[in-house]
Amino acid sequence: MLSVQDLSIEAVNHLLNRATALEEMDPQLRNHILPKRRIALLFYESSTRTRTSFELAAKALGADTTLVSSLSSSIEKGESLKDTGLTLRALGAETIILRHNSSGAPWLLEQTTHLPVLNAGDGMHEHPTQALLDLRTILQRLRHGVDHVDEGTLAGVTITIAGDILHSRVARSNMLLLPRFGAQVVVCGPAQLLPDLAATMGPGIRIERDFDKALRESQVVMMLRIQAERIAGLQLDLEDYKAGYQLTGQRLAALAPEAVVMHPGPIIRGLEVTAGVADGPQSAILEQVRNGVAIRMAVVERALLAQGERA
Ligand code: CP
């Protein structure tokens, strides 16, 4: 699972259905799906949701997990990604879940270790399991009861992704995934955070600079944090930014009173979204977090069972 582009529509269907089956399964039975299989979580960047939910997902299937974080391992002493991966494999890891600050790092790790690698976010590139859990959240809110998705499942649904699109791997994975199910994706933000990418964007995606206009036509609004850690020398007046792009209760009530509000987290309350909106009835933010465990159970199972079949 390096990119959502690796997944066919049927593969997405399988993962969504498997997520539901695993979520509903008796925990005692579920615990015997991957008994004592060894999973390494290799995290070069901080994480709360992705790391915890991958770990809970793997343990719910009976697997053993170990965490290697860049701040408390020999990575601090200069050990390379390749050597770290080979070391984890020598220690018995059967799959590696990787978060890395460099785009493409999961590809390198897979090529050097020949293990299944699950991309838990690579630089500004992709975050495939986040897009899958976002899709599950949208389906639960807007297409409740649908148990098979195809190219038309999200027809008529406009999803605005607003904020720091440039640095967002979540935006990129969602832009690659959601239009395949018929959704229209509107990306919205100031030029500093959303350069004119029109030439490189795929079908079903367009830029709208006016947030109020985008909100008026949206059934889903996905807010993104400004990624200060990836921004060097960016000139952005935060008060101007909030005036143009903050999702406030007033904006939401006036322009999109029925829209589902999403955010991959972490939220910076009072910047991209107000506390009232984050905690309000339209917010699906904690549903997204919960869906992370179900989706990641399905993804981990797929990686390890596929590996068993290869062996
Ligand atoms: N959505 C997400 O990736 O959150 P974390 O950085 O906390 O894992």
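Here is a short chat about a residue, a helix pair and a sheet in a predicted model.

Student: What cut-offs apply to this model?
Tutor: It is predicted: local features need pLDDT of at least 70, side-chain atom pairs count only at pLDDT 80 or more, and totals for chains, interfaces and linings use all residues. Residues are numbered from 1 along each chain as its sequence is written, and side-chain values use heavy atoms, with hydrogens and water left out.

Student: Where does I33 lie?
Tutor: In the loop between α2 (27–30) and β1 (38–43). Helices (H or I, at least four residues) and strands (E, at least two) are DSSP runs, numbered from the N terminus.

Student: And what does I33 touch?
Tutor: Leaving out residues up to four places away in sequence, R18, L22, M25, L61 and E301. Contact means heavy atoms within 4.5 Å. I33 and E301 are 268 residues apart in sequence, yet 7.9 Å apart in space, C-alpha to C-alpha.

Student: New topic. At what angle do α6 and α7 cross?
Tutor: Roughly 60°, and the axes of α6 (residues 128–142) and α7 (residues 169–177) come within 8 Å. Axes are lines fitted to C-alpha atoms, for helices over the stretch in contact; angles run from 0 to 180 degrees between N-to-C directions.

Student: Which residues make that contact?
Tutor: P128, Q130, A131, L132, D134 and L135 of α6 meet V170, S173, N174 and L177 of α7.

Student: Now the sheet. What is the strand order?
Tutor: β7-β6-β5-β8-β9, an open sheet of five strands with parallel pairing. Two strands pair if DSSP finds at least two bridges between them. The edge strands, β7 (205–207) and β9 (260–262), each pair on one side only.
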